[in-house]
Amino acid sequence: MRISLPIRKSKAHIWGWIDTMSSIKIENVFTAYDKADVLMDVSLEVFSGKITCLLGSNGAGKSTLIRSILGLTPPRYGRILVDDKDITGTATHKVVAEGIACIPEGRKMFPKLTVTENLRLGAFQVTDESLIRERLDTVFTTFPRLAERRDQLAGTMSGGEQAMVSIGRGLMGGPRILLIDEPSLGLSPLYVKENFKIIEGIRDSGITVFLVEQNVRQTLAIADYGYVLSGGRVVAQGTADALKEDEEVYAAYFG
Amino acid sequence: MDIGLFGQYLANGVMLGTMYALVAVGFTLFFGVLDVIKFSHGDVLMLGSFTGFTVYIGLLSLGIENPWVMIAAILVVSIITTAALGAIIARYLVLPLKSAPPLNILLITLMLGTAIREAVRLFYPDGSNPKAFPALLPTASVDLGGFALRADSVILVAAGIAVIIGLNLVINRTRLGLAIRAVAQDEETAKIMGINYTMIVLVTFAIGSGAAAFAGIMNGLYYNEVNFGMGLLLGLIGFCAAIIGGLGNIYGAILGGFLFAGLQTIGAVALPFASAYKDVFAFGVVIALMAWKPTGLIAERSSDRV
């Protein structure tokens, strides 16, 4: 499969946002569910135009950080800045309006909507119908299998196909920052490999990527910079190359 | 049974089915987006009828007597008022209780319905007596072999079915409808798509309540009467129809509405000496149906939710 998503350099007009700075700064964030603290004083930066990854085992608080950024579980303390604009505690649809999209953990299809309807929802805030059609065409060109099944209910598709819909849906809004939560979860090694290539393609097209993963080796192979989260705290950080050598990374998993 | 009587029953059944479907669609929409049962729905419908009646009295006092102008004004004011009330109920009573046990929402809307009903009875001028709703539609009729098909019935059914089809198109063909269906399937992912969740919930409650107001006006024009208690039975039947069709499913709600009207009609035909028992018969059959198919006739997994 040829990966050419989402072609922002050659077709900048259909994806917009080009050449803008797109970074997220997390400053001293504490997030809790009821009484259980999950994130404790997390500070990190998602760098413009790069793949920044967040590694950690189950329960480390990775998904909670994504939820905090999206405003689904707002932090109790701390700030979240997008390009120096404070979005802490902003309603989710307003965070999305800032140009942030998410490919959620477990893909989260709308099972009883068609592939096309799922993709269109990714562009819900886009009002220009011709732009939506152009982006649909691009997604269908990238994933020919989705083109064949555009009118099929998403819930009836295989996990790999749903992953394609989820990626396409995440790009339909033309985001400048894409949050990707555990893309390898529940997929066969072959699909995982393909998905990681696609994520590299997304970065190369100019979209800032924040990749949350458990799969250390494959993630560090494509990431530029990384953080390791353990017990709700950042325990290590550095360039991907440095992290590959770092004992802390492995300690966070096995220690 | 002679063909004339059969025609009469059929026309009446289709009329009732259309009204019930309009009420049931509301129940199904509310359940779809929020997983709640809003028991004040029938009384909101009654309030829609009384709003319409008030508009009629107001227009009369202004000397406006053109029936089409009256009907248009009655519908517009009643639907807008009721839609706004639906959105207000969602915003201030239902959404704040979202994380509470579902029973609390059930109870609060049950109490609200009673409060609306009693308020109309006590505060509307002579509210405890039925009001004569005017026959504004042309009553000319064609004789179809012993059965007189009246123009007003035809217009009411046609308008009601048009509203049902319109609602269906909104839900299945528009951007708003796509957002409603997305919220119904997965609230959180819908938010991640950039959908303004609160707005969609309010709009859905407004649509469902507006449809109930339409049914209430239909009811008034057909029976030429409105009364403070009319929402009780209509609400219960609408809820029942939504359940028969598999709550959360819009086609099921429509089907359920017509099915219930069909049962009432069969009850009236089968018990000609005691047609007052037609509701007992219809509810009895529904009780048996529910015991037989506890999840509704159209199971949710084989059909779209909302």
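Mentor: Let us begin with contacts, where two residues count as touching if their C-beta atoms, placed from the backbone, lie within 7 Å. Among such contacts in chain A between residues at least 6 apart in sequence, 68% join residues at least 24 apart. This is a predicted model, in which local features need pLDDT of at least 70 and side-chain atom pairs count only at pLDDT 80 or more, while totals for chains, interfaces and linings use all residues. Residues are numbered from 1 along each chain as its sequence is written, with chains lettered from A and ligands numbered from 1 in the order in which they are written.

Trainee: How many helices and strands are there in chain A?

Mentor: Helices (H or I, at least four residues) and strands (E, at least two) are DSSP runs, numbered from the N terminus, and chain A holds eleven helices and ten strands.

Trainee: Which strands pair with strand 4 of chain A?

Mentor: Strands pair if DSSP finds at least two bridges between them. Strand 1 (residues 24-33) of chain A runs antiparallel to strand 4 (residues 77-82) of chain A over five bridges, with Glu27(A) bridged to Arg79(A). Strand 4 of chain A is also joined by two bridges, again antiparallel, to strand 5 (residues 85-86) of chain A, where Val82(A) has Lys85(A) as its bridge partner.

Trainee: What lies between strand 4 of chain A and strand 5 of chain A?

Mentor: The two strands form a hairpin with two residues between them, and Asp83(A) in the turn has a positive phi of about 50°.
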